[in-house]
Amino acid sequence: MLYLLRKLSLSKNNSANAAFMLAKLLQVRISRSTLQQDVSEHPDYPSLLSISDCLKQYGIDNLTGKFARDKYSDLPTPFIAQLKGTQKARHQFVVVKEINQHQVRYYNAEQQVWETCSCTQFLDKSTGIALLAEAAADAGEAQYTQKIKQEKRTLSGRVFLGLLLPILLVAAFVPLLQQSGAGALPYMAFSLLTLTGTAICSLLIWYDIDQHNPLILRVCSAFKKTNCSAVLHSKGSGIFGVSWSAIGFTYFSGSLLYLLSAGVNNPAALFVLSWCSILAAPYILYSLYYQGIVVKQWCTLCLSVQVVIALQCLLVLLQGWHHFTAAPVTLLTLATGLGASFFAPFIVHQLTAPAILKSREAALNKREFRRLKYNRQIFEALLHRQRPIRTSTDGLGILLGNRQAAQKIVKVCSPFCDPCAAAFGPIKELIAANPDVQLQIIFAVTDQQTDARARPVSHFLAVDEEKDPQRTSDVLADWYLSPRKDYDAFAARHPVTGPLQAQHPKIAAMHEWCRNNGVQVTPTIFINGFELPENYQINDLRLLLSLS
């Protein structure tokens with residue numbers, strides 16, 4: 001059961017899985033959920049570029065190239081290699097851990113398993129394209145510990161929900177075994193068959209939601225003539241607008257709930273469920289006929305359901321549970337309880353399945369929107385329609401990052417502006433990660449004595465005059481990232497020489513620049529001379545400027 005839950009929860013994000021394993025082999029601490037989100041939201045997902053850009057964000061420098069067959073065994077491991085796709089699947093990525101002239105050991109990021117093959121076989125499957133990587137000393141995710149804790153909580157919740165019914169069954173079996181010994185085995189067998197049917201129908205429902213899950217794909221392609229999609233998407237895959245998968249899930253899970261509530265060895269409950277099994281038996285013939293004669297393809301999961309129904313029916317007939325007699329009132333009460341047990345899972349399915357499908361569609365739409373949003377040509381076209389900088393920024397404010405960079409960001413801000421403080425962290429990370437980005441900070445304050453903003457800004461400028469970019473960056477970070485803006489305490493931590501009034505001409509020049517360029521709110525961001533379009537946020541710049 002734990003194996004089944006793990007396989008179902010596997011991400012089909014081949015690119016993110018490959019990136020995660022590469023980072024793990026490089027001993028770089030990046031959570032799986034972070035890479036899944038970053039890679040899938042990249043505008044070029046699922047390409048190798050999406051992996052490359054995301055790895056660079058976390059300090060893993062990399063290089064992509066196409067290598068000749070005779071050079072592959074000389075490549076430094078680990079590295080990501082691209083394998084040729086098939087008619088049904090596109091190219092996929094694997095992580096090569098060991099390679100020599102004889103064999104290759106690699107991580108199959110699609111199935112999330114380690115595989116070994118001969119070097120010749122691997123090279124025949126390879127496109128020759130590989131991503132080589134090297135981690136910096138400070139590579140990794142800043143919030144790694146918190147993300148791992150969150151992942152563990154999510155996984156624990158899923159495991160608990162998945163094991164809830166088996167645990168309840170075990171709790172019911174223990175006193176039954178103590179009381180009846182071997183006589184409890186038929187009751188246990190019937191309950192376990194019902195649980196098995198519930199699990200199989202859950203897989204069928206999950207197939208309707210996620211047809212690319214690695215476990216389901218492996219089960220549905222186990223034999224040559226198996227094609228779950230052909231059967232489950234055919235005209236006869238449902239009745240009255242309800243799929244047979246939903247009906248099967250309702251039947252088995254409802255029966256299981258009924259057994260747990262009434263007692264797994266309750267004669268009256270078994271009588272009702274026995275007749276349900278007998279009445280369900282003709283469906284076996286219908287399903288076999290439809291798959292073998294009409295569709296001419298077989299669904300592995302559907303056949304498994306037929307086996308469970310047949311075994312249940314056989315067990316019922318052998319045990320004679322269908323011969324139980326009781327007063328009509330008792331039977332009416334049992335039938336009512338059974339109806340309630342069936343109604344609950346049916347409603348749960350009808351409410352949750354469409355919601356999950358809509359959520360997945362929304363995720364796909366969001367991905368397409370991001371693909372357009374982060375298209376460099378579209379961004380440039382929108383950018384050049386925005387308000388331009390009308391007067392030169394030379395000599396104003398504070399410069400951080402590469403002074404010869406091609407990408408220039410001008411940030412107009414105020415020392416007591418909360419949005420300005422929120423924007424400082426992402427921009428600081430951006431210039432640290434991208435050496436081709438320069439940040440110029442212009443402060444929208446006045447040199448009036450009544451303007452409380454002038455003191456911290458004068459302090460920033462005085463620190464900057466010391467020509468120590470690292471100290472300037474640290475001082476600004478200490479101010480903007482601090483939850484409490486206490487200037488006196490700040491000044492005590494970062495002393496400067498010379499009077500702060502000496503910075504007032506610089507403040508006056510910045511104020512004049514803001515007035516001439518019509519800057520009235522902070523923060524205002526300019527990219528390469530034009531104001532950042534309103535549909536873009538500070539966090540978008542990290543990816544946009546990496547695509548230039």
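Guide: Asp451 lies in the loop between E11 and H17. Keep in mind that this is a predicted model.

Visitor: Why is Asp451 called buried?

Guide: Its relative accessible area is 12%. Buried means under 20%. The value of 12% falls under that cut-off, so Asp451 counts as buried.

Visitor: What makes the pair Asp451 and Arg453 a polar contact?

Guide: The contact joins their side chains at 2.9 Å. A polar contact needs a pair of N or O atoms within 3.5 Å, one able to donate a hydrogen and the other to accept it. At 2.9 Å the pair is within the limit, so the label holds.

Visitor: Is Thr446 buried or exposed?

Guide: Buried, with a relative accessible area of 17%. The cut-off is under 20%.

Visitor: How do you know that Glu41 counts as buried?

Guide: Glu41 has 19% relative accessibility. Buried means under 20%, so Glu41 qualifies. The residue sits in the loop between H3 and H4. Its C-alpha is 9.8 Å from that of Phe369, although the two are 328 residues apart in sequence.

Visitor: What makes Lys296 an exposed residue?

Guide: Its relative accessibility is 60%.

Visitor: Why is Lys467 called exposed?

Guide: The reasoning uses its relative accessible area, 71%. That is over 50%, so Lys467 is exposed. Its place is in the loop between H17 and H18.

Visitor: What is phi for Lys296, and what is phi for Lys467?

Guide: Phi of Lys296 is near 60°, a positive value in a residue other than glycine. Phi of Lys467 is also near 60° and positive. Most residues other than glycine have a negative phi.

Visitor: Which peptide bonds are cis, among them one that ends at Pro46 and one that ends at Pro78?

Guide: The bond from Tyr45 to Pro46 is cis, with omega near 10°. The bond from Thr77 to Pro78 is cis too, with omega near 0°. Pro46 is in the loop between H3 and H4. Pro78 is in the loop between E1 and strand E2 (79-83). Most peptide bonds are trans.

Visitor: How does the span of helix H10 compare with the expected value?

Guide: H10 covers residues 244-262, which is 19 residues. It reaches 26 Å from first C-alpha to last, close to the 27 Å expected at 1.5 Å a residue. Gly263 follows, with a positive phi near 115°.

Visitor: How do you know where the second largest pocket lies relative to the domains?

Guide: Domain 1 (1-133) and domain 3 (388-546) both give residues to its lining, so the pocket lies between them. The C-alpha centres of these two domains lie 40 Å apart. H16 gives the largest share, seven residues.

Technical notes:
Residues are numbered from 1 along each chain as its sequence is written. This is a predicted model: local features need pLDDT of at least 70, side-chain atom pairs count only at pLDDT 80 or more; totals for chains, interfaces and linings use all residues. Side-chain values use heavy atoms; hydrogens and water are left out. Domain bounds come from an automatic or database domain assignment. Helices (H or I, at least four residues) and strands (E, at least two) are DSSP runs, numbered from the N terminus. The expected span of a helix is 1.5 Å times one less than its number of residues. Buried means under 20% relative accessible area, exposed over 50%, partly exposed in between (1.4 Å probe, protein chains only).
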